[in-house]
Structures are given as C-alpha cells and as structure tokens.
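Please look at the sequence and structure first.

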Amino acid sequence: MTSPAIPEARRETLYGIQYLRAFAALAVLAFHAAERSGYAFAIGAAGVDVFFVISGFIMWVIVERRPVSPGHFLRERIRRIVPIYWLATGVMVAGALAGLFPNLVLTASHIVASLFFVPMRSPSTGELWPVLVQGWTLNYEMFFYAVFASCLLLPGRVRLAVVAAIFVSLVALGFMVESDNALFATYTRPIILEFVAGMMIGRLWLSRHVPPRWLALALVVASFAGFAMIGILNLPFDEWTCGPLAAALVYGTAFLEKHGGGVPFAKVPALLGSASYSIYLWHTFAVSVAAKAGGAIGVAPPIIFVTSICVGLAAGLCAYVVCEQPLLRTRGKLLAQRRLLPSLRRNLTQDHGR
C-alpha cells in the first residue's frame, strides 16, 4: 500500500495500520489470558472488529492499486491464510487425540468443516466455533474474500456498492428471519458490515479526500477512549458499538499517514503487526498451558495473567519466525520463479532459433 505523502522508502508499508494489527492481536491475547486467569477483559474481543475493518481497507487498497483477476486474488488469500491455519488446527486435533484437551470433542465432519471454513456448531459446546476456536473469524474473512473476488468481475465504479448491498441485505435478512442454520446465523450477523466500512475507508484514502490532521488524531483518541470506557465501566457492547469505534480508529490512523511524514516507524510495534496473524492463531495454546500450570502450583491470579500474556506473545512470535516467515519466503521464491519462466522460455526459443 502506498501514499503520495509518504517518502519513497516507506511506501510499501503503512506503519499505522501495522500498529493497529498489533493492537488488535494483543487485545485478543489479553482477553483470553484474562478469561483463563479469573479476570474480566471482555473488551479485548473487540480486537476482532479492528481486524475486520483493516481487512476491508487493505483488500480495497491493494486491488485498486494493482488490479487482479478473481482467481489470482483468491489464490493469494488462500496461500496467505490457509497453510498456517491448517497447521494450527492440526496441532489442536493432535493434542485432543493425545488427551491434552479433554473437553474438546472431535468429529470428522467438524474437522473437515473447520479446515474448509464452513461454519458448523461445535460438538464440544454447541457454539459456532471451529476446532481452533479463534478460527471463527477466518470463516468471516474467507466469506468476505469470496464475495469480494466475485465482485472483481464488475466495473470498479460499482464494486463497493454491490458488496455493500450484498452485506446490508444479508444483515437485513437476519433481522427479518429467525433460523438456527449455522450458515445463516453466521453470515447475517451485523459484524460483516465492518468489512464494508473498511472498504469505504480505503476508497476515501485513495481519493483526494484528506481530513485535517487534528480530525484524524481526534478520531484515534476518541476511539481508544471509547474502548477504554467500555472496558473500565464494564459496559455491554457488540458490533454495533465496537464496529463504529474500530472504523473511526482505522480511518484516523490511515489518514494520519497522509500528513507530514506519515506515522513514524517503531521496530517493536511493526514486528508485532507483521506477526499479528501468528500471534492470533497460536497464543491460546500457550495461554492455556501457562494458566493451568500456574493454577496447579498455586501462583497468584495477577501473575498468571501477566505470565499468560508473555507466554502467549512469545508463542506467537516463535510461530511467526519458525512457520509463517519461511512459508512466506517460499511463496515469494515460487512467485519470482513463475515470473521468470516466460522470459526464460522466450530466451530459450530465441537461442534455439539461432
């Protein structure tokens, strides 16, 4: 992603968005650590809302700047999302078979549905969760990618309107019809509108629309204040509350990139942003182990909470270095080789002709 106001050396990365990805992943990590150590940090779950708005924003900006076919778009998304997710799910299944997760009930149909991002009620809890619980968000991501890819066949000027119309219609249908069907219950939730909000922000970001710096900064501050107020006062919240806050946060952060030198680079938050997917997928394994071990030896809950966060973060970073980065490098090499093939063939043909 690029911005005209960002120096050439930094044009490939919007560091503000990277920092938000880090914030979202750490919020979810803290939510699960608190849950397993006897604390309440429910607002941490709102990290998912931030992720969804960011996803809509990034997909829109990438495709508008570098148009691709629907097939190419989906292949790239699958290569980015699926291998790590399948690996984490496989570890979960292996752990359950080994007796490490006694409360996890496995069925072949639920495992297959989980691997292929099909919403299905968990035989363990009855909730709409895959084998790896946090993978429920990926069911939404893949659905968004499928709809978005289909709309790439349409002219650019109507693409956003069509995606918005589809998602708004689904949400309206959810209000009008009651159903226990897993697919219906999943894809009619208002949370899908957060992808549309992200796309709208992306469209504005690519246009000449640039709000004053004070307004962008005020939206960021107001959004963090809103999340903090919900958490401190233990207020009820859902996507209707957190969706607008997440959208304001992404909007303000994205447009701060268009003022001055953009958002400054900071090594640690940038690293956490890059590793946010691995942190999100892998942290629950480490958090569960740390919480159980701490409880077994009588460690005080505050120490369990902090330790769980540290261990969960370390696990995510290790997975990023050991699993995700090598896979991404391998994919990059394969893509580079694929781009070289046509020129090599041409050179061989020309040499043969001589």
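The count comes to 24 aromatic pairs, where rings of Phe, Tyr and Trp (its six-membered ring) pair if their centres lie within 6.5 Å; planes under 30 degrees apart count as stacked, over 60 as edge-to-face and the rest as tilted.

The model is predicted: local features need pLDDT of at least 70, side-chain atom pairs count only at pLDDT 80 or more, and totals for chains, interfaces and linings use all residues. Residues are numbered from 1 along each chain as its sequence is written, and side-chain values use heavy atoms, with hydrogens and water left out.

Tyrosine 15 and tyrosine 19 lie 4 residues apart in helix α1 (residues 15-36), about one turn of the helix. Helices here are DSSP runs (H or I, at least four residues), numbered from the N terminus. Tyrosine 15 is buried at 16% relative accessibility, and tyrosine 19 is buried at 17%; buried means under 20% relative accessible area (1.4 Å probe, protein chains only).

Phenylalanine 144 in helix α5 (residues 136-151) and phenylalanine 167 in helix α6 (residues 156-176) are 23 residues apart, and their pair links distant parts of the chain. Phenylalanine 144 is buried at 0%, and phenylalanine 167 is buried at 0%. Ring pairs link both into a cluster that also includes Trp136, Tyr145 and Phe195.

Key. Helix = DSSP H or I, 4+ residues; strand = E, 2+ residues; numbered from the N terminus. Buried < 20%, exposed > 50% of the residue type's maximum accessible area, 1.4 Å probe, protein only.
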